[in-house]
Amino acid sequence: MTDESDPSSDEGSKAGEDREDASAEGTAAPPRVVLAEELASIRDLSSRASAFVSLPEPSVLVDDVRSRPLEERYRSAAVAHAERLGVDDLTPSGVRALADQVPVEDPVERATSFLARRAGRLQGRLLGQFAMEPDDPRAYLVLATAAGHLQRAAADVQVAAETEERDLAHHASVVLALAAALFALAEDGLGAPADRDPGDAATSDPLPEWFLREVALADHHRTLARGDDPALDPLERDRDDLEHLLVVQGATLAVTELDAKPHAVADRADVPLEHLVGVLASE
């Protein structure tokens with residue numbers, strides 16, 4: 001029997017069930033529909049978790065995080081929410097003290113493992129749809145890049161919670177801010193009835209500049225939280241630069257995860273082959 005309070009479990013989550021994608025008919029599902037479907041499981045588990053610990057409903061959390069100035073939300077948004085949980089010092093020792101008070105074993109590990117797994121599933125589905133040669137392949141790659149950043153950011157939190165070598169508050173803030181950006185983009189009806197159709201998220205609109213900037217900013221702040229120097233500042237880049245950066249990063253995922261030919265991926269993504277090869281060579 002599955003414990004619904006366990007955030008590492010996918011049971012009982014509608015988005016965790018296998019849905020019939022448009023791909024069953026030979027066409028790619030719209031990228032924001034894929035996003036909305038996968039975020040639904042995170043939303044539903046978060047809603048159930050709020051019954052066990054003093055977490056706000058997902059819609060309230062997203063609105064609060066996104067009400068903060070851009071740099072602040074990626075650097076310190078988690079601090080205020082930790083204080084609401086009774087953690088005045090968002091450090092490994094403070095988190096361990098909180099963990100001793102909640103009725104779930106290893107809550108941080110379970111939560112980060114669940115989030116990393118769902119982000120990995122989202123990335124895999126997006127890359128799978130990209131392989132079907134959709135009309136807007138670049139959007140799938142940008143969202144796959146975002147999912148990859150979220151997956152790694154969740155892993156960063158786990159490492160930071162277990163050691164004293166990283167800035168736990170900063171890493172946790174990256175997770176909150178990027179997740180909030182994804183929810184805002186999906187517009188998947190946070191707080192709406194559970195049977196809302198994720199298909200309502202379908203749109204042919206291009207990904208907005210604010211979202212491109214936030215995905216790049218998440219990676220920027222992951223680097224800062226590790227104590228390293230980022231290669232660029234997303235706040236200084238225009239839309240075309242940001243989109244190119246994220247598409248190339250997504251293209252590298254397509255090559256490595258799908259075992260695809262670099263030239264074929266570069267052609268489909270409309271990026272110079274030398275840019276893709278350069279990033280692959282640096283990893």
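Helices here are DSSP runs of H or I with at least four residues, numbered from the N terminus. The model is a predicted one, where local features need pLDDT of at least 70, side-chain atom pairs count only at pLDDT 80 or more, and totals for chains, interfaces and linings use all residues. Residues are numbered from 1 along each chain as its sequence is written, and side-chain values use heavy atoms, leaving out hydrogens and water.

Let's start with α6, which has 26 residues and spans 38 Å from its first C-alpha to its last. Of those 26 residues, 21 are buried, meaning under 20% relative accessible area with a 1.4 Å probe and protein chains only.

Next comes the inside. The largest nonpolar core has 73 residues, and among those touching the most other members are L150, L182 and F211. Such a core joins buried Ala, Val, Leu, Ile, Met, Phe, Trp, Tyr and Cys residues through side-chain atoms within 4.5 Å. Beyond its neighbours within four places in sequence, L182 is in contact (heavy atoms within 4.5 Å) with L35, L39, A146, L150 and F211.

L182, L39 and L150 are among the residues lining the second largest cavity, a set of points on a 1 Å grid over the protein atoms alone where a 1.4 Å probe fits but cannot get out, with lining residues having an atom within 4 Å of a point. About 40 Å³ of space lies in this cavity, a volume being the space filled by probe spheres set on grid points joined across faces, edges and corners. Helices α1 (31-49) and α5 (107-130) each supply at least two residues of its lining.

Technical notes
Expected span 1.5 Å × (residues − 1). Buried < 20%, exposed > 50% of the residue type's maximum accessible area, 1.4 Å probe, protein only. 1 Å grid on protein atoms, 1.4 Å probe; cavity = no way out; pocket = protein on both sides within 12 Å on 5 of 7 lines; lining within 4 Å.
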